[in-house]
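I have a new model open today, and I am keeping notes as I look things up. Come along and follow each entry with the structure in view.

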Amino acid sequence: MDFTRVDFTPAAEELIRKMTLKHGPLMFHQSGGCCDGSAPMCYPVGMFRIGGSDVLLQKLEVEGLAPIEFYMSASQYEYWKFTHLTLDVVKGRGSGFSVEAPEGVRFLIRSRMLDDAEIEHFGLLKKEVTQ
């Protein structure tokens with residue numbers, strides 16, 4: 001079974017390709033509340049500073065493109081660690097600094113809870129304390 005933390009829809013893949021042609025290699029950071037609420041923000045690589053308080057959730061594999069890193073702040077990850085994310089696109093302009101803002105569409109996260117196999121695979125099971 002192929003386990004992922006983040007997937008993307010065909011519409012998101014298409015927009016990623018379009019934005020890569022315009023801006024070069026991209027990365028994502030799942031916003032924790034500033035600007036566009038809790039929206040995935042897409043930036044050209046190097047335009048958003050990643051630090052020790054960010055968690056790399058996954059490197060998205062879009063055929064023909066370099067892997068696209070998808071981050072989330074560690075504090076937000078603590079709330080979302082049992083959640084699988086799917087990157088999608090909807091009509092409407094976001095209010096943040098994400099590269100797609102001028103395009104009349106915005107990236108959006110759809111989510112679901114991880115299943116038991118995913119929780120085990122990602123090492124999220126709580127260790128039982130023996131006395």
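**Notebook: sheet, helix and core**

I looked up K91 and found that its bridge partner in strand 7 is V105. I take strands (E, at least two residues) and helices (H or I, at least four) as DSSP runs numbered from the N terminus.

A note on my source: this is a predicted model, where local features need pLDDT of at least 70 and side-chain atom pairs count only at pLDDT 80 or more, while totals for chains, interfaces and linings use all residues. Residues are numbered from 1 along each chain as its sequence is written, and side-chain values use heavy atoms, leaving out hydrogens and water.

Next I followed the pairing (DSSP must find at least two bridges between two strands). Strand 6, residues 83-91, runs antiparallel to strand 7 over nine bridges. I then saw an open sheet of three strands, ordered 1-6-7, with mixed pairing. Strand 1 (6-8) and strand 7 (105-113) are at the edges with a single partner strand each, so one side of each has no neighbour in the sheet.

Then I turned to the inside. I count a nonpolar core as buried Ala, Val, Leu, Ile, Met, Phe, Trp, Tyr and Cys residues joined through side-chain atoms within 4.5 Å; buried means under 20% relative accessible area with a 1.4 Å probe, protein chains only. The largest core has 25 residues, and F28, F70, L87 and F107 touch the most other members. Helix 1 gives this core its largest share, four residues. Another core, apart from this one, has five residues, including M27 and Y43.

Definitions and conventions
Buried < 20%, exposed > 50% of the residue type's maximum accessible area, 1.4 Å probe, protein only.
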